[in-house]
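I opened the notebook to record what I looked up in this structure. The entries follow the order in which I went through the chain.

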Amino acid sequence: MSTLTQSPAWLALQAHQPIMAQQHLRELFKQDSHRFNKFSLLFNDILLDYAKQPVNEKTINLLLALARQQRLENSMSRMFSGEKINNTEHRAALHIALRAEHAVIVDGVDVIPEVKQVLQQMARFSDAVRNGEKKGYSEKAFTDVVNIGIGGSDLGPVMVTEALKSYGSPHLSVHFVSNIDGAQLSETLKQLDPATTLFIIASKTFTTQETITNAHSARHWFLAHGGKEKDIAIHFVAVSTNQSAVEKFGIDAENMFQFWDWVGGRYSLWSAIGLPIAMAVGMDNFYSLLAGAREMDQHFMTAPLEKNLPVMLGLIGIWQINFFSATTHAILPYDQYLHRFPAYLQQLEMESNGKRITRDGEVIDYSTSPVVWGEPGTNGQHAFYQLLHQGTQTVSADFLAPCQSQHPIGNHHRLLLANFFAQTEAMMRGKNQSEVRNELISQKIPEASLEALLPHKIFPGNHPTTSILFKKLDPKTLGSLIALYEHKVFVQSVIWDINPFDQWGVELGKQLAGKILSELDQTESANSHDASTNGLMNYFKENQ
C-alpha cells in the first residue's frame, strides 16, 4: 500500500465516497436548490460549473484537505519560483515564464529579458511575412507557411491556429505537417507554390526523426521545383537550440528562433514554437493569448484553493478518477473552432500524468491519468453519446461552449447551446422507468409493445459532467482556457506525487524503431525479434 492511499485525507474521501455514490444527482438537486451557486466559480468571462458532479460541501472540504495534505500550495510556489521540479531531468518547468511580466529566476538568472527578445524577433519576422515585406526568391510575397514538427511542436500550434481561424489573414495560409507518413507532406505540398512557401522546422534538438525526415523531404521538393540552394536561407526558418545543425541544413542563423530546456514540448506553444500562430493570426493576437494565460497564472497563484478554477477542476478529476473509477474523460467543446482541443489535451494530460512511478521511483497503486478523448458537439451526439447515456463505462466529461458565436447565422448558435444545456441535464437527470412508462402511455403505445420497449428507453442518468462557459472564443480567453488545463494537470500531478514534466514512455518505441529501420534495409529475413514482429517485418519485406 502506498503512503498516499493510507493517508488520512485519502481514507476520509474513501469513506465518504459510498455515501455520495448512493445519492442520484437529481436527488442532490432536489435537496439543495442552491447547488449552482455553491458549486460554480467565475474568473473573468469564464464560468466553471461543477454542480452536476457527485459532491456536497463535505466532499469539497475533504478534497481541499487532500490538496493541503499533499502540500499543493508549496508545489505551486516551487514551480513559479523556478525550482527544478522536473526532478528526473533536473530542470525547472517554467512555461509560465513565457507569458510573465515580472522577473523569473532560473539558475540565478532572470530569463524574462531573453523571453522578450525572442518574442520581439517573432514579431519582426511574422509582421514582415504578413505584410509582404519579406518575400520569396521570386520577389513574390509569401502566401503559405508550412510548420514541420511533431508532438508539442505541432499539437499546440495546430489547436490554437484552428481555434483562432476567424482572426487569420486572408492572404496567408498556415499548414501543419507532423506525421512521418509521406501522405501528409505530399498532400500538403502538391497544392503549394515553392516560390511563395515558407517552411518552419520546429525541433529543439534538430534531430527528431519524424521532423527532420519531413524537413529534408520538403527541402528536396523545394529544390526540385525551382528553388536553389541559396534560396533555402530565404524559405526555411528553424525553431531550435542546435545552431550548427540548423546552419548545416542551409538555414540562416538569423532565422533561428530559440527556446529553452525549461520549456517542455507540450507546454511550448507560448514560446517560439508558437511562431506559426503568430504567422496565422498576427503578433497582437499572440500577445493577447499570452495575456489570457498570464491572468490565469495569477489567479492560480493567488486565489484561495476553494475559489481557484484550476485547483477545483483538478480535484474534481481526482474525485472521479480515484474514487469513482473513471478511467476515461471526454472533452466535448460545443464550438467547431475547438475541434483540435481534445487532441491537444490528450497529449497535455496523458503524456504529463500517464505515469506509474512516483517522484521517488515507487510503483503506484492508484489510478493516474485517464484516457482523454472527445469531439465537438453536436457531431459527438450522433456518434458516441449513446454510450455516455446508456453504456456500461464510467465516463467523466467536460462540456465547453462560448456564449457568443463568431458567426451568428440565423438560429444556429441558440440551437447549439440548447443541445449543450440539454445534454448535461440529460446526463444528470436521466429518465426513470415511471417517466418512460407515462411517456409511452401518452403516445398510446399498446401494452405488449410498451412493456417490450420500456427497458430500452430508460436512461440511468447520474453521469457526472463539468460545464465551462465563456463569453467568446477570442485570443485572450483561449489563453486562459489553455492555462486552466495546464494548471489542472499540475494539480493532479501533485496529488498523485508524480513528475508531469518528463515523458520517458515515448523513448522505448523510438529506440526499437531505429534498430528495426536498419533491418528493413537488409534483404535477408528478420529473425532477431519475437515471432510476431519477425512475421510482420517479413510480410512487409515481401510486399513493399
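**Entry 1**

I began with strand 7 (residues 197-202), which runs parallel to strand 8 and is joined to strand 8 by 4 bridges. What I am reading is a predicted model. I looked up I200 and found that its bridge partner in strand 8 is V237.

On to the next pairing: strand 8 and strand 9 (residues 256-257) are also parallel, with 2 bridges between them. Here V239 stands opposite F257 of strand 9.

I then asked which residues of strand 8 (residues 236-239) cover its two faces. F236 and A238 are on one side, V237 and V239 are on the other, and all of these are buried.

I wrote down the strand order of an open sheet of 6 strands: 1-2-13-12-10-11, with mixed pairing. Which strands stand at the edges? They are strand 1 (40-43) and strand 11 (371-374); each has a single partner strand, so one side of each has no neighbour in the sheet. From one strand to the next, the twist averages 15°.

Helix 15 (residues 341-353) lies across strand 10, strand 11 and strand 12 (395-402), and its direction is at about 175° to strand 11.

I followed the chain into the loop between strand 11 and helix 16 (385-390), where T378 lies. The peptide bond joining G377 and T378 is cis, with omega at about 10°.

**Entry 1: helix 5 and helix 13**

For two packed helices, I note the angle between the axes and the distance between the axes. The axes of helix 5 (residues 72-80) and helix 13 (residues 283-302) come within 10 Å and cross at roughly 140°. That angle makes helix 5 oblique to helix 13; the roughly antiparallel class needs an angle over 145 degrees.

Which residues make the contact? From helix 5 I listed M76, S77, M79 and F80, and from helix 13 D297, F300 and M301. Sorted by class, the contact has 5 nonpolar, 1 polar and 1 charged residues.

**Entry 2: two positive phi values**

I looked up H90, which sits in the loop between helix 5 and strand 3 (105-106). Its phi is near 55°, a positive value in a residue other than glycine. Is H90 buried or exposed? Its relative accessible area is 59%, so H90 counts as exposed, the cut-off being over 50%.

N462 also has a positive phi without being glycine, in this case near 65°. N462 lies in the loop between helix 19 (447-453) and strand 13 (465-470). With a relative accessible area of 30%, N462 is partly exposed.

**Entry 3: L25**

Setting aside neighbours within four places in sequence, I listed the contacts of L25 as K52, Q53, P54, M428, N462, H463 and P464. L25 has 1% relative accessibility, so L25 counts as buried.

I also took one distance from L25. I498 is 473 residues from L25 along the chain, and the C-alpha atoms of the two are separated by 32 Å.

**Entry 4: the whole chain**

Last, I noted the totals. The protein has 22 helices and 13 strands. Its C-alpha atoms fill a box of roughly 80 × 60 × 60 Å along the principal axes.

How does the radius of gyration of 26 Å stand against that of a compact globule? For 544 residues a compact globule would have a value near 24 Å, so the 26 Å of the protein agrees.

Of the 544 residues, 53% are buried. Among contacts with a separation of 6 or more, 74% are between residues 24 or more positions apart.

Key: Residues are numbered from 1 along each chain as its sequence is written. This is a predicted model: local features need pLDDT of at least 70, side-chain atom pairs count only at pLDDT 80 or more; totals for chains, interfaces and linings use all residues. Side-chain values use heavy atoms; hydrogens and water are left out. Axes are lines fitted to C-alpha atoms, for helices over the stretch in contact, and angles run from 0 to 180 degrees between N-to-C directions. Angles under 35 degrees count as roughly parallel, over 145 as roughly antiparallel, 65 to 115 as roughly perpendicular and the rest as oblique. Contact means heavy atoms within 4.5 Å. Ala, Val, Leu, Ile, Met, Phe, Trp, Tyr, Cys and Pro count as nonpolar, Asp, Glu, Lys and Arg as charged, and the others, Gly among them, as polar. Two strands pair if DSSP finds at least two bridges between them. The radius of gyration is taken over C-alpha atoms; the globule rule is 2.2 Å times the number of residues to the power 0.38. Buried means under 20% relative accessible area, exposed over 50%, partly exposed in between (1.4 Å probe, protein chains only).
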